[in-house]
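Trainee: Before I rely on any of the terms used for this model, I would like to see each one set against its definition. Could we go through them in turn?

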Amino acid sequence: MQRARRVAAGTTTHPGLRGAVNAIAASTVRLANVDPVTTEVVRIRCAQHHDCGT
Amino acid sequence: MGSLQQLTTVDVIERVLGDGTAGFGDVRDEMVAAHDAAWAATSPRLLELCRVRIAMLLGCDAEITSRTPGSGVEDAVLGALAAWPTDSRFDAADRACLAFSEHFVMDVASLGDDTVAAVREQLGDDGTQTFVTALLVVEQRIRLRLAWDTLLEES
């Protein structure tokens with residue numbers, strides 16, 4: 001599944017919020033409590049479900 | 001970690017996500033920062049309506065009864081939240097965002113173009129993208145809270 005873009009090219013998220021969400025993702029993958037393979041499998045599964053190409 | 005039953009949800013989140021030592025980062029602090037950023041970046045009224053509606057749909061009593069200071073939403077309006085499609089206290093922006101939120105929380109992968117377009121009409125492109133990001137932060141927080149509470153049998 002790959003949908004067409006639903007907001008205009010160049011659309012941006014509020015920079016403070018975007019940075020904060022990116023920081024969660026970065027800190028999550030650095031966690032030592034979950035093994036890296038499990039972390040990656042879950043990340044890819046979520047990306048598929050959310051149709052996220054990045 | 002010891003017996004989970006001996007710990008509160010807050011204790012476990014602190015020990016699992018609050019791992020700020022040894023260079024492993026600190027998810028808990030980043031989540032708090034994102035939560036604060038979500039409320040600063042979008043309409044507190046819209047986000048409060050959607051937060052409580054999501055809590056209702058997911059069955060998170062703690063989030064249903066809590067209130068976000070400064071959101072500007074009266075309790076009477078939140079009490080009528082289930083009737084948002086027809087209640088006159090909800091305007092076009094409220095309805096567009098609540099419709100989006102309901103679909104987002106139930107089946108995000110099938111969100112329709114019309115549902116997104118209704119939000120864009122009210123918030124614009126940047127506003128929509130920011131709103132959706134804020135909604136993600138709020139929804140994740142509620143789901144995580146429910147997961148921990150269920151795991152620890154506190155709910």
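Trainee: Which exposed residues does the face of helix 6 of chain B turned away from its buried side carry?

Mentor: That face carries A92(B), M106(B) and D107(B). Helices here are DSSP runs (H or I, at least four residues; strands are E, at least two), numbered from the N terminus. This is a predicted model, in which local features need pLDDT of at least 70 and side-chain atom pairs count only at pLDDT 80 or more, whereas totals for chains, interfaces and linings use all residues. Residues are numbered from 1 along each chain as its sequence is written, and chains are lettered from A and ligands numbered from 1 in the order in which they are written.

Trainee: How do you know that the buried residues of helix 6 of chain B line one face of the helix?

Mentor: The buried residues of helix 6 are D94(B), A96(B), C97(B), F100(B), S101(B) and V105(B). Seen down the helix axis, they fall within an arc of 165 degrees (the arc of the directions from the axis to the C-beta atoms), and so they line one face of helix 6 of chain B. Among the elements that cover these buried residues are helix 3 and helix 7 of chain B, where covering rests on contacts, that is, C-beta atoms placed from the backbone and lying within 7 Å.

Trainee: Which residues of helix 1 of chain A are buried?

Mentor: They are L17(A), A20(A), V21(A), I24(A) and S27(A). They fall within an arc of 125 degrees, so they line one face of helix 1 of chain A, while P15(A) and A26(A) are exposed on the face turned away from that side. The cover over the buried residues includes helix 2 and helix 7 of chain B.

Trainee: Why is Q140(B) called partly exposed, rather than buried or exposed?

Mentor: Q140(B), in helix 7 of chain B, has 15 C-beta neighbours inside 10 Å, so it counts as partly exposed. M56(B), which is found in helix 3 of chain B, counts as partly exposed because it has 17 such neighbours, and A117(B) does so with 13. Leaving aside neighbours within four places in sequence, M56(B) is in contact with I64(B), L81(B) and A82(B).

Trainee: What makes a set of residues a nonpolar core, and how many residues does the largest one have?

Mentor: A nonpolar core is a set of buried Ala, Val, Leu, Ile, Met, Phe, Trp, Tyr and Cys residues joined through C-beta atoms within 7 Å, and the largest has 36 residues, with A34(B), A38(B), C50(B), F131(B), A134(B) and V138(B) making the most contacts inside it. Helix 1 of chain A and helices 2, 3, 6 and 7 of chain B each supply at least two residues of this core, and the largest share, nine residues, comes from helix 7 of chain B. Beyond its sequence neighbours within four places, F131(B) is in contact with T42(B), L46(B), C97(B), V119(B) and L123(B).

Trainee: How many residues of chain A are in contact with chain B?

Mentor: There are 23 residues of chain A in contact with 27 residues of chain B. Helix 1 of chain A gives the largest share of the chain A side, nine residues.

Trainee: How do you know where confidence is lowest and where it is highest in chain B?

Mentor: By pLDDT, the predictor's confidence in each residue from 0 to 100: in chain B the mean is lowest in helix 1 (residues 9-17), at 70, and highest in helix 3 (residues 44-58), at 98. Chain B averages 88, and 88% of its residues score at least 70. Where pLDDT is low, the predicted coordinates should not be read in detail. The model scores ipTM 0.82 and pTM 0.86.

Technical notes
A residue is buried if 20 or more other C-beta atoms lie within 10 Å of its own, exposed if 12 or fewer, and partly exposed in between; C-beta atoms are placed from the backbone. Two residues are in contact if their C-beta atoms, placed from the backbone, lie within 7 Å.
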